[in-house]
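Let's take a friendly walk through this structure, one stop at a time. Have the sequence and the 3D view open as you read.

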Amino acid sequence: ALCPDETALHIPRGVGAFALADGVVRHQDGPLGFVPDPYLGENPEAVKRALQRSYGRLLEFPFDHLLLAHGWPWIGGGKQALQDFVESDQPPTTTA
(Lines give C-alpha, C1' and ligand atoms only; values in the text may rest on other atoms or scores of the structure.)
Protein backbone atom coordinates (compact mmCIF):
# COMPACT_ATOMS: atom_id res chain seq x y z
CA ALA A 1 0.00 0.00 0.00
CA LEU A 2 1.22 3.48 -0.85
CA CYS A 3 -0.99 5.05 1.80
CA PRO A 4 -4.19 3.95 3.62
CA ASP A 5 -6.39 4.67 0.59
CA GLU A 6 -4.05 3.86 -2.31
CA THR A 7 -2.48 0.63 -3.45
CA ALA A 8 -0.16 -0.22 -6.33
CA LEU A 9 0.36 -3.69 -7.74
CA HIS A 10 3.48 -4.31 -9.83
CA ILE A 11 2.97 -6.80 -12.66
CA PRO A 12 6.46 -7.85 -13.83
CA ARG A 13 5.35 -9.78 -16.95
CA GLY A 14 6.49 -8.64 -20.39
CA VAL A 15 7.39 -4.94 -20.32
CA GLY A 16 5.75 -4.63 -16.91
CA ALA A 17 2.76 -2.74 -15.59
CA PHE A 18 1.47 -1.11 -12.44
CA ALA A 19 -2.17 -1.27 -11.40
CA LEU A 20 -3.10 1.78 -9.32
CA ALA A 21 -6.18 2.02 -7.12
CA ASP A 22 -7.81 5.34 -6.26
CA GLY A 23 -5.33 8.24 -6.26
CA VAL A 24 -5.16 9.08 -9.97
CA VAL A 25 -7.49 8.98 -12.93
CA ARG A 26 -7.22 9.46 -16.66
CA HIS A 27 -10.00 10.61 -18.96
CA GLN A 28 -9.74 9.17 -22.46
CA ASP A 29 -6.26 9.96 -23.81
CA GLY A 30 -5.56 12.87 -21.43
CA PRO A 31 -2.90 13.21 -18.76
CA LEU A 32 -2.94 11.61 -15.35
CA GLY A 33 -4.78 13.66 -12.76
CA PHE A 34 -5.66 13.45 -9.10
CA VAL A 35 -9.15 12.45 -8.13
CA PRO A 36 -11.34 15.40 -7.06
CA ASP A 37 -10.35 17.04 -3.76
CA PRO A 38 -13.45 15.90 -1.82
CA TYR A 39 -12.19 12.31 -2.19
CA LEU A 40 -8.76 13.13 -0.75
CA GLY A 41 -9.76 13.80 2.85
CA GLU A 42 -9.51 16.85 5.05
CA ASN A 43 -6.19 18.10 3.66
CA PRO A 44 -6.17 17.30 -0.08
CA GLU A 45 -2.97 19.24 -0.82
CA ALA A 46 -1.00 17.25 1.77
CA VAL A 47 -2.43 13.99 0.42
CA LYS A 48 -1.46 14.98 -3.13
CA ARG A 49 2.12 15.73 -2.09
CA ALA A 50 2.34 12.42 -0.22
CA LEU A 51 0.93 10.51 -3.19
CA GLN A 52 3.41 12.15 -5.55
CA ARG A 53 6.28 11.03 -3.32
CA SER A 54 4.84 7.52 -3.13
CA TYR A 55 4.32 7.31 -6.88
CA GLY A 56 7.91 8.46 -7.32
CA ARG A 57 9.11 5.32 -5.55
CA LEU A 58 7.36 3.21 -8.19
CA LEU A 59 9.69 4.62 -10.85
CA GLU A 60 12.44 2.33 -9.51
CA PHE A 61 10.59 -0.67 -10.98
CA PRO A 62 10.53 -1.76 -14.63
CA PHE A 63 7.15 -1.06 -16.27
CA ASP A 64 5.66 0.54 -19.36
CA HIS A 65 1.90 0.32 -18.72
CA LEU A 66 -0.39 1.87 -16.09
CA LEU A 67 -3.70 0.21 -15.31
CA LEU A 68 -6.04 2.52 -13.43
CA ALA A 69 -9.06 1.66 -11.32
CA HIS A 70 -10.65 4.89 -12.54
CA GLY A 71 -10.12 5.93 -16.12
CA TRP A 72 -8.38 4.78 -19.23
CA PRO A 73 -5.21 2.70 -19.00
CA TRP A 74 -1.89 4.04 -20.23
CA ILE A 75 -0.57 1.39 -22.62
CA GLY A 76 3.03 2.11 -23.57
CA GLY A 77 4.75 5.12 -22.07
CA GLY A 78 3.09 4.71 -18.68
CA LYS A 79 6.34 5.04 -16.77
CA GLN A 80 7.12 8.35 -18.48
CA ALA A 81 3.56 9.55 -17.82
CA LEU A 82 3.91 8.72 -14.13
CA GLN A 83 7.31 10.39 -13.98
CA ASP A 84 5.86 13.55 -15.57
CA PHE A 85 3.00 13.45 -13.04
CA VAL A 86 5.40 13.02 -10.11
CA GLU A 87 7.70 15.82 -11.27
CA SER A 88 4.88 18.28 -11.99
CA ASP A 89 4.58 21.24 -9.61
CA GLN A 90 0.81 21.12 -9.96
CA PRO A 91 -0.56 17.90 -11.42
CA PRO A 92 -4.12 18.35 -12.64
CA THR A 93 -7.09 17.52 -10.46
CA THR A 94 -10.07 16.07 -12.22
CA THR A 95 -13.60 17.24 -11.68
CA ALA A 96 -16.31 14.94 -10.43
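Gln52 is in contact with Phe34, Phe85, Val86, Ser88 and Pro91, leaving aside its neighbours within four places in sequence; contact here means heavy atoms within 4.5 Å. This is a predicted model, in which local features need pLDDT of at least 70 and side-chain atom pairs count only at pLDDT 80 or more, while totals for chains, interfaces and linings use all residues. Residues are numbered from 1 along each chain as its sequence is written, and side-chain values use heavy atoms, with hydrogens and water left out.

Where does Gln52 sit? Its place is in helix 1. Helices (H or I, at least four residues) and strands (E, at least two) are DSSP runs, numbered from the N terminus. Gln52 counts as buried, at 11% relative accessibility. Buried means under 20% relative accessible area, exposed over 50%, and partly exposed in between, with a 1.4 Å probe and protein chains only. Lys48 is also found in helix 1, and at 8% relative accessibility Lys48 counts as buried. Not counting residues up to four places away in sequence, Lys48 touches Phe34, Asp37, Leu40 and Thr93.

Now look at how the helices meet. Two packed helices are described by the angle between their axes and the distance between the axes. Helix 1 (residues 44–58) and helix 2 pack at an angle of about 145 degrees, with their axes 9 Å apart. The axes are lines fitted to C-alpha atoms, for helices over the stretch in contact, and angles run from 0 to 180 degrees between N-to-C directions. On the helix 1 side, the contact is made by Gln52, Tyr55, Gly56 and Leu58, and on the helix 2 side by Leu82, Phe85 and Val86. Sorted by class, this contact has five nonpolar, two polar and no charged residues. In this sorting, Ala, Val, Leu, Ile, Met, Phe, Trp, Tyr, Cys and Pro count as nonpolar, Asp, Glu, Lys and Arg as charged, and the others, Gly among them, as polar.

In soluble globular proteins, nonpolar side chains tend to be buried together. The largest nonpolar core of this model has 20 residues, and those with the most contacts inside it are Leu20, Leu32, Tyr55, Leu66, Leu82 and Phe85. Such a core is a set of buried Ala, Val, Leu, Ile, Met, Phe, Trp, Tyr and Cys residues joined through side-chain atoms within 4.5 Å. Strand 2, strand 3, helix 1, strand 5 and helix 2 are the elements that give two or more residues to this core, and helix 2 gives the most, with four residues. As for Phe85, leaving aside neighbours within four places in sequence, its contacts are Val24, Leu32, Gly33, Phe34, Gln52, Tyr55 and Pro91.

Next comes the sheet. Strands of a sheet pair through backbone hydrogen bonds, either parallel or antiparallel. Here an open sheet of three strands has the order 1-2-5, with mixed pairing; two strands pair if DSSP finds at least two bridges between them. Strand 1 and strand 5 stand at the edges, each with a single partner strand, so one side of each is left without a neighbour in the sheet. Strand 1 (residues 8–11) and strand 2 (residues 17–20) pair in the antiparallel sense over four bridges. In strand 2, Ala19 is the bridge partner of Leu9, and Phe18 is the bridge partner of His10. The hairpin of strand 1 and strand 2 has five residues between the strands, and there Gly14 takes a positive phi near 60 degrees. Strand 2 and strand 5 (residues 65–68) pair in the parallel sense over four bridges, with His65 in strand 5 as the bridge partner of Ala17.

Finally, visit the loops. Gln28 is found in the loop between strand 3 (24–25) and strand 4 (33–34). Its phi is near 45 degrees, a positive value in a residue other than glycine, and Gln28 is exposed, with a relative accessible area of 51%. Pro31 has its place in the loop between strand 3 and strand 4 and counts as exposed at 58% relative accessibility. The C-alpha atoms of Pro31 and Phe85 are separated by 8.2 Å, although these residues are 54 residues apart along the chain. Ile75 lies in the loop between strand 5 and helix 2 (78–87) and is exposed, with a relative accessible area of 58%. Leaving aside neighbours within four places in sequence, Ile75 is in contact with His65 and Leu67.
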